[in-house]
Amino acid sequence: MTREEMMAAGLVPEETKHNGHRRAHFHDYNRPGVYMITMVTEGRQRLFGQIVGHTRGAKGTEEYPHLLCSVLGERILQEEIAKISKFYKMVEVMKVALMPDHIHLLLNVRGKLPEGKHLGTVIRGFKTGCTRAWWQLQDEQEGQPSGEAQPSGKTLGTVGEETVPEVSPLGSSKGSSGGSKGWRPVLFEAGYHDRIIIRDGMLENICRYMDENPFRARLREERPNLMQRRLHLWIHDREYAAFGNLFLLKNPDRIQVFFHRKNKQGVPTHLTLEYAQDKERLLKRAEEGAVLVTPGISKGEKGVVDAALDDHLPLILLQKEPISEYWKPSQERFYACAAGRLLILAPWQMEGDSDYARFHSLNDLARDICNATDTRLLNLS
């Protein structure tokens, strides 16, 4: 069966090949392990429901942000999730976090998977089942008399007041198993993202991250000025992507935080008395209203960054990791952005062909940002 014929039949093609950042090449994916799997709908369609509630709502009440499921979302939660353990008894679904356009699964593979099977096989089967459920619900909706209410008062094609774009057939061809409907789209985009739970405390952090997904989504909507994402921003002659409070660039009192790894005597800088005094001075300036600017690479810089985040002080962080349309910071930094205390910048071009050279390049950019007087925001994607 060709790839096109598989897609027409609702089958998701092989899921074992991913971009380098998605797979741990050192890991055997047919052996026991705990994984957080993330799958995104094709085109980021918001098909699973809508986030309701607000961030001021009490936790555990209907006012707290949560997902109000669509018919498809409920079908996945009630039927498709259970099929994972039904077909693979050694796989336990520990936790599920469903969002309007993606789903997180926390899977515990308790025993070795059957011969020839691996984690990608399990995910491919789940995605295939969800795609077929989507098709079935579309067929059921099309067969209803005009004006008849949907089951449970919900609709398949709309999420709240927002209408989900109708997905057209992908074309038809001889040999298609899609019948008169021709080619039909799969529900999820190709591939998935996995995180292997390998450290103490990591499982607890992952569970908290999954639980807080709706809250963070609503927080971004309620505080757009403090949670801005700009993919193209110019400071002097440098182009950056940015996430967080852009108003921190307008603060005239910006101070660079820069420490070498070792002092002239070869002693680690963060262990010296001079460092402790400099750190105290920098934090005092931030308490008085200055914005600290640094990539936070050396241990000395990291010490100041950690203290600034703990003390709720204003901070501009530079990073070499790109900021894309769907990139998100870590949990602590996300909430610092939401509070208006943090801006994260990622240069589009990095100078240097070694970690040492890039370390100095980022610190040069931090110095440039402290001296900058002109900033241009471009509304480009």
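Arg218 and Glu221 sit three residues apart in helix H5 (residues 213-222), so about one helical turn separates them. Helices here are DSSP runs of H or I with at least four residues, strands are E runs of at least two, and both are numbered from the N terminus. The structure is a predicted model, in which local features need pLDDT of at least 70 and side-chain atom pairs count only at pLDDT 80 or more, while totals for chains, interfaces and linings use all residues. Residues are numbered from 1 along each chain as its sequence is written, and side-chain values use heavy atoms, with hydrogens and water left out.

The side chains of Arg218 and Glu221 meet in a salt bridge, at 2.2 Å from N to O; the term requires a side-chain nitrogen of Lys or Arg within 4 Å of a carboxyl oxygen of Asp or Glu. Arg218 is buried at 15% relative accessible area, whereas Glu221, at 43%, is partly exposed. For these classes, buried means under 20%, exposed over 50% and partly exposed in between (1.4 Å probe, protein chains only).

The structure holds ten salt bridges. Another of them joins Arg216 to Glu212, with an N to O distance of 3.9 Å. Arg216 is buried, with a relative accessible area of 2%, and Glu212 is buried as well, at 13%.

A further salt bridge links Asp101 with Arg44, whose closest N and O atoms are 3.4 Å apart. Asp101 belongs to the loop between S4 and S5 and Arg44 to the loop between S1 and strand S2 (49-52), so the pair ties together parts that are 57 residues apart in sequence. Asp101 is buried at 11%, while Arg44 is partly exposed at 24%.

Glu288 counts as exposed because its relative accessibility is 57%.
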